[in-house]
Structure formats: C-alpha cells, structure tokens
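Have the structure open as you read, and find each residue as it comes up.

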Amino acid sequence: MPVTRLMPTSEADDLIVLTRSIVDKELRPRVDEAERNADFPRDVFRTLGAAGLLGLPYPEEYGGGGQPYEVYLQVLEEIATAWASVGVGTSVHALSCFGLSMFGTEEQKQRHLPDMLGGELLGAYCLSEAHAGSDPAAMRTRAVRDGDDYVITGAKAWTTHGGKADFYKVMARTSDEGGRGISCFLVPADAPGLTADVPESKMGLMGSTTATMLFDGVRVPVERRLGAEGQGLPIALAGLDAGRLGIAAVATGVAQGALDVAVRYARERETFGRPIIEHQGLAFLLADMAVAVETARATYLHAARLKDAGKQYSRQASVAKLVATDNAMQVTTDAVQVLGGAGYTKDFPVERFMREAKVMQIFEGTNQIQRLVISRGLAR
C-alpha cells in the first residue's frame, strides 16, 4: 500500500511518483532472483542515475538533483521498500560522494562529481578495518607521501560495493597523531595494487557485494586528496551523520515492505471462518507494527529537516538510526510471526526482510555506538 507522504514541493511529489514507477518496473520483478543468486545489480544504479535519483541531495551545477534531505530520504525509503540492497547501495554511493562535494576543490568537483552523481561511476566507502570498526581513529592503513603521490598500504574491511565500485573514498593514516593523523583520498578502482578480497558470505543483502579492499602500494596523486592532510577523520564523521539518516530511511523502507506483506496476508488468510486480521490478538500486533514504521519515518524526517535548515543534527541522526533500525528488526520479526509457518519459508519475502534488517543495527555505527553518541550529547 503506497505511503501517504507530505512532500515540500510539487517537484518532490513527482520524484516519488517517478521512483515508484522505477521500483515497480525495474526492481520488484528482479529482487527475489537476484537476492537468491547474489547478483550485483550494477545496471540498476545506472538506471537510477539516468533518472536523476542517484545524486538527489547534491548541487544541480555538478549534476545532482538539488533536493533537500527530506526529499532524498523519502525516495531512498521507497527504493528500500522493494530492494534493500539497492537502497543501501544508493545510500553508500551518496556517502562516497559526500567528501568530494563538501571538502573538494572546485576543480576536483568539476572533474569528478558529474559522472559520480549521474551513475556512470559507482562509489564505495573505505573507513572500517578488521580491528578498527567502531574506533576508526585506531586504523592502520597508511598513506605515505612520495613526491606528487601518496602510497597507500593496508586493508579496509566491510566495504559495500567492494570489487564492484568505480571509485573508493578511502581514509588512511598520514601521521601517528591519532585521530588527527588521518587523511581522505578518492582512489580509482583501476589503481595498480588495489584488489578486492573474496566477498563476504553474509546473512542478508545478498545483492550487495561486501569485501575487504587490499591496498598494496597503491599510488594516488596528491590532487586526489580531499581536504587538508589530517582532515580525514572529521570528513568521515561529518559524512556518517548524513549516512546514518540514509540507513534510517532504508530500514524504514524494509519495515514498510514487511508490514505491507503482513497486512495483505492477514486480509486474505482465514481461520475460524474469518480473515485473521479480524482476530484482535493479531490485529493489535499489526497495529504495533504500523506504529513502529510511522515512528521511524517521523524520526528520520525530523533529523533531515534540521539538516536542511542548517542546524545541528548529529544527535538526532543517531536517534533516527537507532529507532529506525531497532524498529525494523522488530517489525520484520513480527511479520514472520504474522505469516506463521509460511513466514519461515522463502515463498514470502518476510524472512528476507528479517535477515536484511539485522545488519542495519550494525553498520553506519552499531546501535550501541548510537547510544554513546546520544548520551555524550546529553552530557554536553
């Protein structure tokens, strides 16, 4: 059932209509088979780029959509309602463009952003390492200056689009000054010495390739550094606030998709001579699921509107990510329960939604880290 949305402009309404059309024609018919076979849908990102949906929150002068986050996130939610792997990929791509858009020079932006925002170049984001997930300041991957280049050596774990992306936004250590010794680089996928390890065998999001990226003396020209040397961690953390809103929207979309399937099933399935949705015990469960979905949506929209207004929103982004992903886990679990034994089979997508929701409590900062961010904000 389509979500009733209050969009800020008629253009934004048109974007929702366009997104729903692409979702129904291009995504829904393919998602089940692609997820079963772990097929990476590279062409879908080109389709989204050609439609102007891949760079929505970025300036029009560089090929973006010039839309507020309030609009971009609702488009992202619509995509994730059908296909979480594509929703996550769209969010990660937007995060991969963030450093260039916010901290790049005018020459860098003119050279790289149009193809990135238009979908010709798909991005990935390399921050985490095997021993430095929640603590990025502990990273060991190094970038050593050598003339007009930096030479990067190390490994970056849990890279979404790893081995499939056309460029990688990479955080690497340029000095031993802890968090102040990290710099940000835009590394092309064909750089010699850059390879992807064997993709991870995951619980969900099979259509989204995740791999460790290996940097074996990868040379990157100085002009591909974003911002000043040592500015990498602030760039990463600023991007994560926006990225958390992306994941909150994706999680809300997954929860909405699960709710839609559960309601449809409950209207059609009969026990004791009437549809099971008419049995109060199950009807109340569905009501709680609907409340959880709408709460998540309201929470991420509140944070997005703060961001659009130029106000501080870091704590609200953490609240949105925490609420939306925890709610998605509960809603998808309950959707399986509504369908009973059928929900535990692959005949219905709710078991997939449940597997997909779990990782959303983990990436872009675990929900325990979100509680740390929120509590520190209160302490200040």
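Let's begin with G163, which is partly exposed because its relative accessible area is 47% (buried means under 20% relative accessible area, exposed over 50%, and partly exposed in between, with a 1.4 Å probe and protein chains only). Please keep in mind that this is a predicted model, in which local features need pLDDT of at least 70 and side-chain atom pairs count only at pLDDT 80 or more, while totals for chains, interfaces and linings use all residues. Residues are numbered from 1 along each chain as its sequence is written, and side-chain values use heavy atoms, with hydrogens and water left out.

**Around G163**

- You can find G163 in the loop between β3 and β4; helices (H or I, at least four residues) and strands (E, at least two) are DSSP runs, numbered from the N terminus.
- Leaving aside residues up to four places away in sequence, G163 touches Y168, A196 and M213, where contact means heavy atoms within 4.5 Å.
- V198 is 35 residues apart from G163 along the chain, and 9.1 Å separates their C-alpha atoms.

- As background, most residues other than glycine have a negative phi, and most peptide bonds are trans.
- W158 has a positive phi, near 55 degrees, and is a residue other than glycine.
- This tryptophan, W158, sits in strand β3, which covers residues 149–160.
- W158 counts as exposed because its relative accessibility is 54%.
- H161 is not a glycine either, yet its phi is positive at about 75 degrees.
- Look for H161 in the loop between β3 and β4 (167–173).
- Is H161 buried or exposed? With a relative accessible area of 0%, H161 is buried.

**How helices pack**

- Two packed helices are described by the angle between their axes and the distance between the axes.
- Helix α4 (residues 84–103) packs with helix α6 (residues 232–268) at an angle of about 160 degrees, and their axes are 9 Å apart. Axes are lines fitted to C-alpha atoms, for helices over the stretch in contact, and angles run from 0 to 180 degrees between N-to-C directions.
- That angle is why α4 and α6 are roughly antiparallel to each other (angles under 35 degrees count as roughly parallel, over 145 as roughly antiparallel, 65 to 115 as roughly perpendicular and the rest as oblique).
- α4 and α6 make a right-handed crossing; a crossing is right-handed if the near helix is turned clockwise from the far one by less than a right angle, and left-handed if anticlockwise.
- On the α4 side, the meeting residues are A84, G87, V88, S91, L95, F98, G99 and F103, and on the α6 side they are I235, A238, G239, L240, G243, G246, I247, V250 and V254.
- The residues of this contact between α4 and α6 are 11 nonpolar, six polar and no charged (Ala, Val, Leu, Ile, Met, Phe, Trp, Tyr, Cys and Pro count as nonpolar, Asp, Glu, Lys and Arg as charged, and the others, Gly among them, as polar).
- Helix α1 (residues 10–37) and helix α2 (residues 42–50) cross at roughly 175 degrees, with axes that come within 12 Å.
- α1 and α2 are therefore roughly antiparallel to each other as well.
- I22, E26, L27 and R30 of α1 make this contact with D43, V44, T47 and L48 of α2.
- In the contact of α1 with α2, four residues are nonpolar, one is polar and three are charged.

**A mostly covered helix**

- How many of the 11 residues of helix α9 (residues 350–360) are buried? Eight are, so α9 is mostly covered.
- The buried residues of α9 are V350, E351, R352, F353, R355, E356, A357 and M360.
- Their cover includes α1, α3, α4, α6, α8 and α10 (367–379).

**Cysteines**

- A disulfide is a covalent bond between the sulfur atoms of two cysteines.
- The structure has zero disulfides, a disulfide being a pair of cysteine sulfur atoms within 2.5 Å.
- C97 is in no disulfide, and its nearest cysteine sulfur, that of C184, is 12 Å away.
- C97 counts as buried because its relative accessibility is 0%.
- C184 is in no disulfide, and the nearest cysteine sulfur, that of C126, is 10 Å away.
- C184 is buried, with a relative accessible area of 0%.
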